[in-house]
Structures are given as C-alpha cells and as structure tokens.
Amino acid sequence: KGPKVYGYIQFHVLNQPIDTNGDGEVNEGRFRVHRARVSFEGRVNRYVTYEMDIDPRSPDISGVMRDAFFDIEYRKNHVLRLGQQKTKFGYENQVSSSRLYMVNRAEMADEVARGVTLRDLGVSLLGKWKLGEDSRFEYALSVVNGAGANVQRDNNKKKSLWGRVGLRGKRGDTKWRLGLSAAKADRQEPDEPPSEYMEFKSYGTDFLIDHKRLAVNGEFALSPREQGGEKETMHAYYLTLIGKTSKPFGPMARFDTINTDEYRRWTVGAYYGLPND
C-alpha cells in the first residue's frame with residue numbers, strides 16, 4: 001500500500017546579525033533554504049511498513065538521505081526497526097523539527113545526545129505498555145555502527161548502544177512525560193586523523209509538562225569521554241517555556257548551556273502555527 005508522500009520546507013533569514021558575545025564581530029546576513037524534506041511512507045503487509053526521507057538541499061551528499069528503515073511489528077505496540085534511523089537518546093532529537101515550537105534544537109542535541117550524526121545504521125527495538133487508563137511505559141533501544149549516516153563501511157569493529165526508557169500520561173488538561181537515556185558509543189569524524197577518535201558515554205533525563213496554557217520541557221545530560229588519552233566530562237542542559245493562547249500563536253523562551261562557562265544561549269521569540277498543524 002502506498003507510498004504516501006509528504007514533506008515541508010523551511011527558510012532561514014538573518015538580515016541584521018548582532019554582536020552577542022561582546023567581541024565586536026558579527027556573522028554575515030543570510031537567506032537560505034534551511035530544510036527541504038520529502039518523505040515516503042508505505043506498507044508491505046500487515047506486519048511490515050517502511051519510511052524514507054530525503055533532504056535535497058543538503059550541502060553534503062552524505063546528508064541527502066535521512067531516515068531509511070523498515071518497521072516490523074512482531075507484537076502489537078512493539079516494533080523491530082532495521083535500517084538508517086535516529087539513535088535513541090532524549091526528547092528533542094526524537095521529534096521532527098517540523099513538530100517543535102523552536103526552529104532549531106538546543107545545542108546539547110548536537111554535542112552530547114548523538115554520535116557523529118543523529119542518524120546511524122543499525123537495529124532498534126521500540127515499544128510501549130499501557131499502565132493505566134491515562135499512562136504508559138515506553139522504551140527504545142538501538143545498536144548501530146557508530147560511523148554516522150550514509151557510511152557504506154563501518155570505520156571500526158565496535159558498535160554503539162543507545163537507549164531511552166520513560167513514562168508518559170495525561171491528567172485533565174495536562175500531558176506529561178519523563179524519560180531516562182544512556183549511551184555507550186565512539187565518534188570518529190570522517191575527515192579527521194585517527195588521533196581524534198573518541199570514546200564516550202552519555203547519561204540523560206528529559207521531561208515535558210504540556211498544559212493548555214503553558215508547555216515546559218527540558219533535558220540534562222552528562223557525557224564522560226576520552227580522546228587522545230585525555231579525559232573530560234561534558235554536561236549540558238536546556239529549559240524551554242512555551243506560552244499558549246486561544247490563538248495559534250504565543251511567546252516562547254529557552255536557555256541552553258554546555259559546561260556552563262563555555263556556552264550559554266538565550267532564545268526569545270514567538271511562534272505562529274501549532275506543531276501538529
């Protein structure tokens with residue numbers, strides 16, 4: 001059956017950059033296509049579905065193909081996923097950018113909550129159990145190459161492990177979710193020398209409280225890592241506040257940081273259009 005075809009386009013406009021760190025320098029203004037996604041979904045039979053996403057505006061050929069996987073529902077609400085997919089860690093990385101209030105994810109999504117790229121080749125187990133009338137337990141576990149998306153040959157014999165378990169529910173007008181994530185992985189950028197090879201672990205927690213007038217979500221993660229014989233521990237977190245009104249627009253704000261003194265950023269603005277529209 002299918003395939004169903006859909007997609008979206010995002011433009012990025014930055015006309016008057018400002019000096020945000022006091023060094024007297026600003027980036028150039030720009031106007032570009034930020035994302036241009038085309039997605040295909042289909043069903044092979046009652047047990048097997050597939051999905052493939054491409055981004056033809058990617059500046060690098062290795063970023064054109066995004067998701068490309070089969071889902072095998074071997075039991076109701078439990079799926080075996082095979083192929084190129086997002087590694088399972090945290091909240092924001094698992095949600096499509098078209099379904100977030102913020103256009104860009106927090107910095108920790110790139111630096112602590114993934115490997116070389118957000119997507120990798122491997123296998124995952126995904127599922128959920130109903131705990132009561134308005135709550136459920138969910139899990140997502142992945143074993144992937146660790147070399148990143150669209151890499152035809154793995155760069156070493158080690159595999160990367162990613163996983164998240166959590167609870168979610170609803171009470172009255174309020175939806176909530178709480179999760180714990182962990183990873184044991186390595187990272188070798190394609191164009192960097194072997195000395196830049198890095199092994200790391202990541203541990204994180206995420207939460208979301210979604211009320212009809214206010215949504216609050218955040219994540220915190222620790223990541224001990226070793227590179228070239230040197231060890232360090234990165235820590236990062238963000239907190240997002242979304243004000244809701246009776247109209248499809250409202251205010252929003254976020255603070256995110258990595259290792260506190262090295263990187264801190266405020267994002268303040270407004271949204272128009274709800275994530276599920």
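**Working through the salt bridges and cores**

D110 is partly exposed, at 34% relative accessible area (buried is under 20%, exposed over 50%, partly exposed in between, with a 1.4 Å probe and protein chains only). This is a predicted model, where local features need pLDDT of at least 70, side-chain atom pairs count only at pLDDT 80 or more, and totals for chains, interfaces and linings use all residues. Residues are numbered from 1 along each chain as its sequence is written, and side-chain values use heavy atoms, leaving out hydrogens and water.

**Exercise 1.** Find which side chain meets D110 in a salt bridge.

*Solution.* Start with the cut-off: a side-chain nitrogen of Lys or Arg must lie within 4 Å of a carboxyl oxygen of Asp or Glu.

**Exercise 2.** Work out whether E138 and R164 are buried or exposed, and where they sit.

*Solution.* First, the pair forms a salt bridge at 3.2 Å, N to O. E138 sits in strand 7 (residues 135-144) and R164 in strand 8 (residues 160-171), 26 residues apart; strands are DSSP runs of E, at least two residues, numbered from the N terminus. Next, check the cover: E138 has 9% relative accessible area, so it is buried, and R164, at 8%, counts as buried too.

**Exercise 3.** Name the residues with the most contacts inside the largest nonpolar core.

*Solution.* A nonpolar core joins buried Ala, Val, Leu, Ile, Met, Phe, Trp, Tyr and Cys residues through side-chain atoms within 4.5 Å. The largest has 20 residues, and F89, M108 and W162 have the most contacts inside it. Strand 9, strand 10 and strand 12 (230-243) each give two or more residues to this core.

Definitions and conventions. Helices (H or I, at least four residues) and strands (E, at least two) are DSSP runs, numbered from the N terminus.
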